[in-house]
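Good morning, colleagues. Please look at the sequence and the structure on the screen while I go through a few selected positions and then the overall architecture.

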Amino acid sequence: MTTHDLTGLTSAEVAERTRQGLVNRVKRSDAAEYRDIVVRNVFTLFNALVIPAAIALLALGEYRGGWAVSAMAIINTLLGLAQEVRAKWHLDRLAILTETKAGVIRDGQMLEIPASAVVRDDLLCLKTGEPVVADGVVIQAAFLEVDEALLTGESDPVARHAGERLLSGSYCVAGSGVYRADQVGAASFAQSTASAARAYHYLASPIQTSINQLLRILTAVAVSLCALYVVLSFIRPTIDRTELIQMVAATITSMVPQGLVVMATLAFILGAVRMSARGAVVQRLSAVESMAAVNILCMDKTGTLTTNQLRLDRVLPLTNDLGEADLRQRLRAFASASVDRDNKSIQALRQALGETKVELLDQIPFKSQNRYSAVLIRDEGAERVLVLGACEALQPLLASSTEARWRHHWEALLPSGLRLLLFAESSTILPFNGKLDGYFLRPLGLIALSDELRPEAGKVLEELAAQGIGFKIISGDNPDTVRATVGHLELPLAHEPVVSGEQLAQGADPAELIRTHSVFGRIAPQQKLQIVSTLQEAGAHVAMIGDGVNDVLPIKRADLGIAMGEGSRASKTVSGLVLENNNFELLPATLDEGRTILRNLRRSAKLFLLKNIYTLILIVGMVLLFRTNFPYLPQQVTLLNFLTIGLPAFVITLSKERSSTASRPGFLREVGWFALRTGVILGLSGLGLSLWTASQWPSVPGAENPLHVRIQRTMLISALVLLGVTALWRVLGDGEAEPLPGDRKLRLLALAVLPVYAVALYWPLSADFFELEPLGAKQWGVILAVVGPAYGLCLLADHLWPGGFTTTSETPRPGDPPGAATRNAANNRAV
């Protein structure tokens, strides 16, 4: 196809359309996005509850409590603002790096520009592997076929000719063409699949959604308690207006874990930045969470395990009347005429054989659905039909008398691992009409192409296997070729039988074949999608890595879609992660980074929710059941939050220490069970300590002995700080047989909380602000007498009711690495 007669828009016309806003992006100013960020972080339910309480405290002269509560709201808001602004800034920068590019004709020249820079009436060039970035009408078509499965669900490619429409969101699977964009930006059919898919927009991940739901539940509990306080203030004359406001403020700040939302967002952003700095570009923040849960990795062989740098290895004639030189000449003519210029096999032939001038009359472009390509050419006055494709695909078109010869050579070469293609011709000269129906082919030769296994492939797969990840190697190549390729890997799957696409299609139980086998050959594009979907239905969390247009649907369907940097633009458009520098070796560290992030988030969440549980027990026990004083004041809650949650959770989130163990399932189940069993022990222990202090000073409930109240609250806060340190100590070792080196450092940090609290307790200025009373040796002895047994009970509960840590045994599957059964059980894998 030639485009030299097309001039496209002029620079002035492009500038005018840009000025009018007729560009291929949703018109959205940075100011509006920053405004939304401010609104989302300032006007929160937490602030709506806390700020009125802080104002009321200040109005009543309770300046210490008022400023403490205000500071908590301000810090949470500023952290949320800072992190989301940082997220927008980083993701906007990544959008520039990963945005889909489009070929455009302007001023008579072919240019490559970002898809978002396309304007209405631009002439866009389209070739195999590229997405349609705007709606438009085809101007020129050279055997153009597009896949609209992402739009319509229909998997069969559709031929498009001049005058027919293309819709954004589809992608080219064969041939090439030029189309004029007439609907761009928000007016296009599927603009979100192009440049806007990378632009910053707030979208909560599944864990963030769960945290938000939990936040709403805890907020409802806190509001219900506050309403109950109002009722009690009418029943109990000892609860005056000031104490009521203090109780409300302390309850909101201790029961609503607003900081947990900030921590989750911070963890995902930091992870995305770290990965992108190494060349693994995160296109969607939710992909970071998906990395942590992956336990099955599906991968296309070509371009993933192999370099996809094909080279012509040998040409084997199959007829007596055509020598190798003549065979190479016809093969050169085929490669020169083909419109599949980006096809790796065609590129290898052109590189090895050179090019010659021939006239192309008709062609069937290569696509995965038929696995062959055919050309009708005029060469030196003679018309020829030449066909190149997979032997199995062309076999039905070959005369049975020729099968013995080509099959003998073909089967002899299969164990070599070379990609084998059959080159044939036909004396029938008919229009193709997209198919070879009615043609009879004569085999001319076998073409062997070499593709090297990536040097790092074995090491990468071994590292992933050590992380407890299972594999499914999926290829469109012949099963014997696939077997020869994976046979060099030092993994059990190298010795597995290869399941062919035909076996999968005709099997009585395809799902069982998919679950129990790891290597698949001659797989059609729809079967790749079938493999991913079947694994997901069985409970696996699936990642799919690929580079071609035939990988687009399974990449889109997988829990985590990964595209190679040198892959097709269509595959990169729909993926959540792009290995931009094409470095397959990044994969283990990238997936491990995701697990590290989620592990740290689990740990932080345990600390946040733990305080909610024991605070609820203390409030119900002390205020409702035993009618003693409220557990703590608003400023004391601020101190407790900082020492037992804020500082430890922040440092945990920043931890880069990695673990080889895969992420455990059930985020809320594990976090909630830890918080429940530990919170009940801490809450009952604190309640017992408070009741003991109340028994020592019967007048504590009244306002006439404020010193006794301060001692009671100080002893409770002291016990909770110590118990919080023990909880952090346990959290940092959960799920690990041996604490990691970084975890040991964090455990030392946990001990550093103690001198900070000692300063707050014994420095007169801070003690006065937090209304703490310096304690003596006898009082510390009582506290330790409570803390020690409570810590022992927590350890016993961890042992007896580990909740998320318990697993059931699992039978190892074919392809799993040694010891995988143990890891599978630990990961609670369903497949």
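A134 is buried, with a relative accessible area of 0%; buried means under 20% relative accessible area, exposed over 50%, and partly exposed in between, with a 1.4 Å probe and protein chains only. The model is a predicted one, in which local features need pLDDT of at least 70, side-chain atom pairs count only at pLDDT 80 or more, and totals for chains, interfaces and linings use all residues. Residues are numbered from 1 along each chain as its sequence is written, and side-chain values use heavy atoms, with hydrogens and water left out.

Where does A134 sit? It is found in the loop between β3 (123-127) and β4; helices (H or I, at least four residues) and strands (E, at least two) are DSSP runs, numbered from the N terminus. Leaving aside neighbours within four places in sequence, A134 is in contact (heavy atoms within 4.5 Å) with N24, L124, L166, S168, Y179, A181, Q183 and V184. A134 and A181 are 47 residues apart along the chain, and their C-alpha atoms are separated by 5.8 Å.

E148 counts as buried because its relative accessibility is 12%. Its side chain makes a polar contact with the side chain of R160, at 3.0 Å. A polar contact is a pair of N or O atoms within 3.5 Å; within protein, one must be able to donate a hydrogen and the other to accept it, and residues adjacent in sequence count only if both atoms are side-chain atoms.

I turn now to a sheet. Eight strands form an open sheet with mixed pairing, in the order β8-β21-β20-β19-β9-β16-β18-β17; two strands pair if DSSP finds at least two bridges between them. β8 and β17 (499-500) stand at the edges with a single partner strand each, so one side of each is left without a neighbour in the sheet. Strands β9 (residues 296-300) and β16 (residues 470-474) run parallel and are joined by five bridges; M299 has I473 as its bridge partner in β16.

L285 and L577 are 292 residues apart in sequence, yet 9.7 Å apart in space, C-alpha to C-alpha.

Finally, the whole chain: it has 29 helices and 21 strands, and buried residues make up 58% of its 831 residues.
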